[in-house]
Amino acid sequence: MTGDTVDRVTAGFTEARRVADALLFEGYVLYPYRASARKNQLRWQFGVLVPPAWQDAGGEHSRQRTDCLLEPRRADRLLVELRFLQVRRRTVERLSPDGESWTEVAELDLPDRVLVPWDEGEEERVELDVPLGRLAGDGHTLRFELPGGVEHEPVHDGAAGVVGRLVRHSSPLTGEIRLTTEPLPGPYGALRLTATVRNVSAWTPGPRERDDRESALPHSLIGAHLLLGLPGGRFLSMADPPEWARPTARTCRNEHTWPVLACGEGRDEVMLSSPIILDDHPEVAAESPGPLYDATEIDEILSLRTAALTDREKREARGTDARAAEVIDLVDGLPAEVWERLHGAIRGLREVTGELTGATVGRRTAGDVAGGPLPDGPGIDLTVVPPSAGPPAAGLRLPTGPGLPWWDPAQDATSAPGRGTITIDGQALGTGSRVVLKPGPRRSDAQDIFLAGRTATVEAVLEDFDGETHIAVTVDGDPGADVRREQGRFLYFRPDEVDPVPEPARAPARDGEGGV
């Protein structure tokens, strides 16, 4: 293992943490970023590892297990980083006028913020650097402990000096990471890695706490996930493994987490084991201005709503949490060009531009053409204009002729979207055909799994901008099917995720029937 390979994994961890942060802090503080908001009364839904004594009462889990495949190649060590949040329960106290005592209060109203009780999350990391040879057999187990404690932070009010304090209570946490490997059969020298993370804290709920999730959270690992690094080796994709590894990949057991290749395409030395189902090589959109902690909405909507908060609401948000205060400051300071980027981005239009990818236009880059027209292609006339140059003089003329995508208004009006057909198992499927659903394991929408085996009616066969075919269906027996048809809101499946329902054979015509 060379220094270069270690540095590559270290850089990969840094890159992967940007995506991992979106998991770690998902649901940390939801819009409108105030502790008093109803949405913020039930927090932290992903990767919560509760104490063993509470999991049966609360229905959550005390452990997560990651199974993945790797090829050591030149690697002799495994780098591991467990990340999670530890809850710090914060209360607010006011200083008495005589400066001798403290009184717990529901809020402390200051000119710039309104401080209220709140559960803060402190990021914790547990790091391991283990020789691969130690992971065979019984493997390697690391037990870690985080002490509890109490911290006090004075609160100042300008010239008035100290007017109160924040009191933060944290509870002891004890956890365990166990790593084992076993060789895969065959000549490839690959290994199956099993990484198990457990909360082994000894806390036991009292009679009034058995049904109280809030009591268990300070003793839990919040948003727990793993970063795995293999300097000099590579991890195999669990969603799309090499053909020789597919049988073993199907036997891997991942519980309450899912491993994906991290960092950019072509990178395989870092794996992120996530409590949320992701595709390989996930990334945060370049247009995102910063963490907004409420990933159930797009950044533009969140930013616009946050900008519209009243001054009082912004003061409450700033007093709720330092991260909420950063969101308010971030949105208040967004320049106009960032707002414009939030409105949307087109990654590519391969159907129109052929080789147009990234910053390259046609056979020349935007820098080369410097605002001038590109050489004409078949039916294509593009003008590239720098952002400061104002609106383009020529604009974009869409191509004309046969073979146009369905969304192009210059196409033949008789070929409306969704009227196509696709042949599966020798049977042509189109609008009105009936199919059996068999959602594939690579889909990211876990709710589709509940529809496995159900029959459905094909509403349309569509092709997207990248040439992928999608089959729009309504599920048989769905009471809202008519509404879905009226609104055009269907469920979509790939061709390999449906089986045709055989068409009933027609009975032969009897004498005197079927003639003209």
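**Cavity and sheet**

Author: The structure holds 1 cavity of 30 Å³ or more. The model is predicted, so local features need pLDDT of at least 70 and side-chain atom pairs pLDDT 80 or more, while totals for chains, interfaces and linings use all residues. Residues are numbered from 1 along each chain as its sequence is written, and side-chain values use heavy atoms, without hydrogens and water.

Reader: What volume does the largest cavity have?

Author: A cavity is a set of points on a 1 Å grid over the protein atoms alone where a 1.4 Å probe fits but cannot get out. Points are joined across faces, edges and corners, and the volume is the space filled by probe spheres set on them. For the largest cavity this is about 30 Å³.

Reader: Which elements give two or more residues to the lining of the largest cavity?

Author: Lining residues have an atom within 4 Å of a point; here they are L23, L24, E26, W44, Q45, F46, I222 and G223. Helices (H or I, at least four residues) and strands (E, at least two) are DSSP runs, numbered from the N terminus. The elements asked for are α1 (3–24) and β12 (222–229).

Reader: In the open sheet of 5 strands, which strands stand at the edges?

Author: Two strands pair if DSSP finds at least two bridges between them. The antiparallel order is β23-β22-β21-β20-β24. Each edge strand has a single partner, so one side of each is left without a neighbour in the sheet; these are β23 (491–493) and β24 (498–500).

Reader: Which residue in β22 is the bridge partner of A456?

Author: Strands β21 (residues 455–463) and β22 (residues 469–475) pair in the antiparallel sense over 7 bridges. In β22, the partner of A456 is V475.

Terms used:
1 Å grid on protein atoms, 1.4 Å probe; cavity = no way out; pocket = protein on both sides within 12 Å on 5 of 7 lines; lining within 4 Å.
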